Amino acid sequence: MTDSRQLDRAAEEAHQPSIDLDRAVEAILFVADEPLSLVAIAGAVSRPVPDVRASIGRLVADYNGDLAGPERGFELREVGGGWRLYVRENLDDIVADFVLTRQPSKLSQAALETLAVIAYRQPITRSQVAQVRAVNVDSVVRTLVARGLIAEDGHDDVTGAIRYVTTQTLLVHLGLNSLDELPKISPLLDEGQDGFHE
């Protein structure tokens with residue numbers, strides 16, 4: 001009996017590192033708003049690339065319902081040389097309906113400030129917005145993208161980070177024909193020279 005318990009414990013301990021790795025990879029992918037390469041994920045979880053590749057394989061199988069559980073409402077896809085979580089295509093309409101019609105229409109102060117930075121400095125990356133606002137803007141940017149107020153506009157030539165611009169939807173909400181109609185803010189800034197440019 002003791003031998004059986006020891007074998008069970010040894011098997012559990014042998015399996016535990018992959019479970020911990022899978023949960024760590026899953027957590028990193030959950031907060032990422034752009035595809036992450038295997039190398040980037042490996043660096044984030046401090047594990048070798050082959051281990052991360054195997055973990056990705058287990059997560060894909062898990063989300064697709066190939067293991068003991070059901071197919072999830074999201075999937076893990078390899079796009080643009082990296083991995084990212086996406087809503088399953090057959091659920092796009094449901095998610096779009098929820099985001100566009102059922103969520104409150106008011107934006108938080110943080111969202112309004114982030115939107116202003118993007119509107120005046122576009123195209124701009126998340127890290128550039130974060131530098132201006134001096135706070136993390138990841139979740140706010142995801143909210144603005146989900147509401148259709150900003151959209152991805154290619155990648156930064158130097159860092160490869162996704163750049164963001166405002167959309168026609170924002171102009172409609174603001175009642176503007178173009179961004180040229182945004183009020184000039186230089187006079188509101190100290191000495192009219194720091195921060196945004198007209």
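This report describes the fold of a predicted model of one protein chain, and then some of its local details.

## The chain as a whole

The secondary structure of the protein chain comes to 8 helices and 5 strands. Read from the N terminus on, these elements follow the order α-α-α-β-β-α-α-β-α-α-β-β-α, a pattern that can be traced in the structure while reading the sections below.

Of the 198 residues in the protein chain, 30% are buried. Among the contacts between residues at least 6 apart in sequence, 47% join residues that are at least 24 apart.

## Helices α2 and α3

Helix α2 (residues 38–45) and helix α3 (residues 49–63) have axes that come within 9 Å and cross at roughly 105 degrees. Because angles of 65 to 115 degrees count as roughly perpendicular, α2 is described as roughly perpendicular to α3. On the side of α2, the contact is made by Leu38, Val39, Ile41, Ala42 and Val45, while α3 contributes Val49, Val52, Arg53 and Ile56.

The loop between α2 and α3 contains Ser46, a residue that has a positive phi of about 55 degrees although it is not a glycine. Most residues other than glycine have a negative phi. With a relative accessible area of 62%, Ser46 is exposed.

Strand β1 (residues 74–79) and strand β2 (residues 82–87) pair in the antiparallel sense over 6 bridges. Strands of a sheet pair through backbone hydrogen bonds, which may be arranged in a parallel or an antiparallel way. Within this pairing, Leu76 has Leu85 in β2 as its bridge partner. The two strands form a hairpin with 2 residues between them, and Gly80 in this hairpin takes a positive phi near 55 degrees.

A contact between a charge and a ring can also be described here: the charged end of Arg77 sits over the ring of Tyr86, 4.3 Å from its centre.

An open sheet of 3 strands has the order β3-β5-β4, with antiparallel pairing. Its edge strands are β3 (124–125) and β4, each of which pairs on one side only.

Strand β4 (residues 150–155) and strand β5 (residues 162–166) are joined in the antiparallel sense over 4 bridges. Along this pairing, Ile150 has Thr166 in β5 as its bridge partner, and Glu152 stands opposite Tyr164 in β5. The two strands form a hairpin with 6 residues between them, and Gly160 in the turn has a positive phi of about 80 degrees.

## Backbone details in two further loops

Which two residues are joined by a cis peptide bond? The bond lies between Gln122 and Pro123, and its omega is about -5 degrees. Most peptide bonds are trans. Pro123 lies in the loop between α5 (109–121) and β3.

Another loop, the one between α6 (126–133) and α7 (138–146), holds Ala134. The phi of Ala134 is near 60 degrees, a positive value in a residue other than glycine. Ala134 is exposed, with a relative accessible area of 65%.

## A residue after α8

Lys184 is found in the segment after α8 (168–174). Its relative accessible area is 48%, so Lys184 is partly exposed. Although Lys184 and Tyr120 are 64 residues apart along the chain, their C-alpha atoms are separated by 9.2 Å.

Technical notes: Residues are numbered from 1 along each chain as its sequence is written. This is a predicted model: local features need pLDDT of at least 70, side-chain atom pairs count only at pLDDT 80 or more; totals for chains, interfaces and linings use all residues. Side-chain values use heavy atoms; hydrogens and water are left out. A charge sits over a ring if NZ of Lys or CZ of Arg is within 6 Å of the ring centre and within 35 degrees of the ring normal. Two strands pair if DSSP finds at least two bridges between them. Buried means under 20% relative accessible area, exposed over 50%, partly exposed in between (1.4 Å probe, protein chains only). Axes are lines fitted to C-alpha atoms, for helices over the stretch in contact, and angles run from 0 to 180 degrees between N-to-C directions. Angles under 35 degrees count as roughly parallel, over 145 as roughly antiparallel, 65 to 115 as roughly perpendicular and the rest as oblique. Contact means heavy atoms within 4.5 Å.
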